[in-house]
Structure formats: C-alpha cells, structure tokens
Amino acid sequence: MLRIGWFATGRGEGSQKLLRAAVDAIGAGRLDAQIQFVFSNRERGQFEATDTFFDQVEAYGIPLVTLSDARFRKRSGGAVARKGDPLPAWRTDYDRAIVELLAPYAYDVGMLAGYMLICTAPLVEHRPMLNLHPAAPDGPAGTWQDVTWWLMAHRADRSGVRIHLGTLALDEGPIVTYCTYPLRDAALLPLWSEVERRGIDEVRATDGEANSLFQAIRQRGAARELPMVVETLRALADGRLRIEDERVVMRGTRITGGYDLTPEIESALAGRVLG
C-alpha cells in the first residue's frame, strides 16, 4: 500500500476535486493507497474557501495538519516573498517546522495538489514530493496562467500535464509521468484564427483570461489533471514506477523524460475508466 502525504493550500474547487478524485479511487479499489494526512499552509478562519476544503478533509476522516505561512512570517518578522526574488530565510524555517509537525505520520510520497508555496530544502529532502505541473515535458515553467499565455504566444500544436519530483530548481525536477493533448484540432482552429488575426498583445490587453482560446486551452489541461494525479499514484502503488534517490525507476531501470500516461488519461476522460 502506498502511503501518501497530501499537500494543498485549499484555495477553491480545484483542491477539492483533486482530493475527491484520489479518495474515490481508493474507495473504489482502483488505488491501493492511504492518505496519511492533508497539510495546508492556511488555518481555519483565514479564508472561507479553505475552511470548506477543511470540512471536506475532516468528512473523509483524514487527519488535517495546518500551519499558516502568513502567521508564521509575521511571528518571525520575515519579509514577504516576492516573485522572482530569492526566498527569504524564514521560508526554510517554515518548512522545517512543517517537517516537525508531520513527524507522527509515515508516508512514502508527498503529493503537491494545489499547494501554492515553493518548497525549500527541509521539505523536499524529507520525502519524495510529487508536483503537478500544467505543461508537457518540453513546456514552460510557471503557473497555469503563464503556461497558457506561453502556448498562445508560441502558437503551440500540443500541450500536456506532467508530474515531476519537487526539487530546489522550480519546475525542473525529474519528470515522473506525463500526458499530452492536441491544441490544433477542428474545435480550436477558429479560436486560433481569431487570436492570430488580432495579435497576442491585443488579446492579452483586451480580453485577458476571458479570451475563448485561453479558456479552451485551460479546460483541456484542467480536465486531465485529476486523472493524472490518480494514474500517477496508481503507477507508484502497483510498482510500475519507483522513486529512488531523486530518480524515477521502472522495472529496475532508471528512466528519463517520464512515463507516458496519455493512453490511460484519454481512456479515463472517455469514461472507459471510472474513479
């Protein structure tokens, strides 16, 4: 049985759906695993959406562990982390405190499923951490918004979803699994034509994330994230894949570039696999 540590900020429905997908797969007997705890970097009373997520966790009977990074920062007198700048020192202290809180729980892998903080050394070196990223193996780093705009700006033919090992190099850890999907089929070609006619700069300035192509690309990626998490955990639980010293191993041989789960993901989306 695979023992999972689940990490989620719990900002909205996405976090709830990811957790529900894993719990349902376990309950249906498709995933031989147990979620040992759910950790969040928020605490009750900070955000209504996160409180709703906490209610879900507790309804499943999963131990909930929380430590507010915002309150930790204020207590330590640390600076706010700024995108593009080195992480302030208190963030390492914060992750060290998380590891101490999780000491009572034994887990084989950590699943970062909507966890909105960059992990530092104490956390990524404690256990293997699986990070869900909304891009194909050759795709860009960044948030799903960054990825979507990049795909549009580069007139990409395909995109994907990958799960890689969390390392100190953001979004650059060894790829564990991935899937890909097309972006230039008949349904999207008219949307591409409109964006290319107007130009990406005008589309970003005028439409923003409400643009039809932006929304369509995001929907395709988001639809694959739930089965991607489940199928990756299944591959680890049934022994097809193993994590050894920051290496991905398949049948005793190290693999690079990740294990392609596209057939399983498309089958799940088509309804041929439930869970």
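In which sense do S9 and S10 pair, and over how many bridges?

Guide: S9 and S10 pair in the antiparallel sense, over 2 bridges. This is a predicted model, in which local features need pLDDT of at least 70 and side-chain atom pairs count only at pLDDT 80 or more, while totals for chains, interfaces and linings use all residues. Residues are numbered from 1 along each chain as its sequence is written, and side-chain values use heavy atoms, with hydrogens and water left out.

Strands here are DSSP runs of E with at least two residues, helices are runs of H or I with at least four, and both are numbered from the N terminus. Two strands are taken as paired if DSSP finds at least two bridges between them.

The part in question is an open sheet of 3 strands in the order S8-S9-S10, with antiparallel pairing. Strand S8 (242–244) and strand S10 (253–254) are at the edges with a single partner strand each, so one side of each has no neighbour in the sheet. S8 is joined to strand S9 (residues 247–250) by 3 bridges, and these two strands run antiparallel. Within that pairing, Ile243 has Val248 of S9 as its bridge partner, and Glu244 stands opposite Arg247, also in S9. On the S10 side, Val249 is placed opposite Arg254. As background, side chains in a regular strand alternate between the two faces of the sheet.

In the hairpin of S8 and S9, 2 residues lie between the strands, and Asp245 takes a positive phi near 50 degrees. The hairpin of S9 and S10 also has 2 residues between its strands, with Arg251 in the turn at a positive phi of about 50 degrees.

Now the surroundings, starting with charged pairs. A salt bridge is counted when a side-chain nitrogen of Lys or Arg is within 4 Å of a carboxyl oxygen of Asp or Glu. In general terms, side chains of opposite charge can pair when their charged atoms come close. The whole structure contains 19 salt bridges. One of them links Arg240 with Asp238, with the closest N and O atoms 2.9 Å apart. Asp238 is partly exposed at 46% relative accessibility (buried is under 20% relative accessible area, exposed is over 50%, partly exposed is in between, with a 1.4 Å probe and protein chains only).

Arg44 and Asp55 form another salt bridge, their closest N and O atoms being 2.7 Å apart. Arg44 lies in the loop between strand S2 (33–40) and helix H2 (48–59) and Asp55 in helix H2, so the pair ties together parts 11 residues apart in sequence. Arg44 is partly exposed at 38%, and Asp55 is partly exposed at 42%.

Glu194 and Arg197 also form a salt bridge, with 2.8 Å between the closest N and O atoms. Both lie in helix H7 (residues 189–198), 3 residues apart, about one turn of the helix. Glu194 is partly exposed, with a relative accessible area of 33%, whereas Arg197 is exposed at 60%. Salt bridges also link Arg30, Glu231 and Arg234 in a network.

A few other sites remain. His133, in strand S5 (residues 129–133), is buried at 2% relative accessibility. The side chain of His133 reaches the backbone oxygen of Pro140 at 2.8 Å. Pro128, in the loop between H5 and S5, is partly exposed at 26%. Pro128 and Gly5 are 123 residues apart in sequence, but their C-alpha atoms are 10.0 Å apart in space.

Cys119 is buried at 11% relative accessible area, and Cys179 is buried at 0%.

Conventions. Polar contact = N/O pair within 3.5 Å; in protein donor to acceptor, adjacent residues only side chain to side chain.
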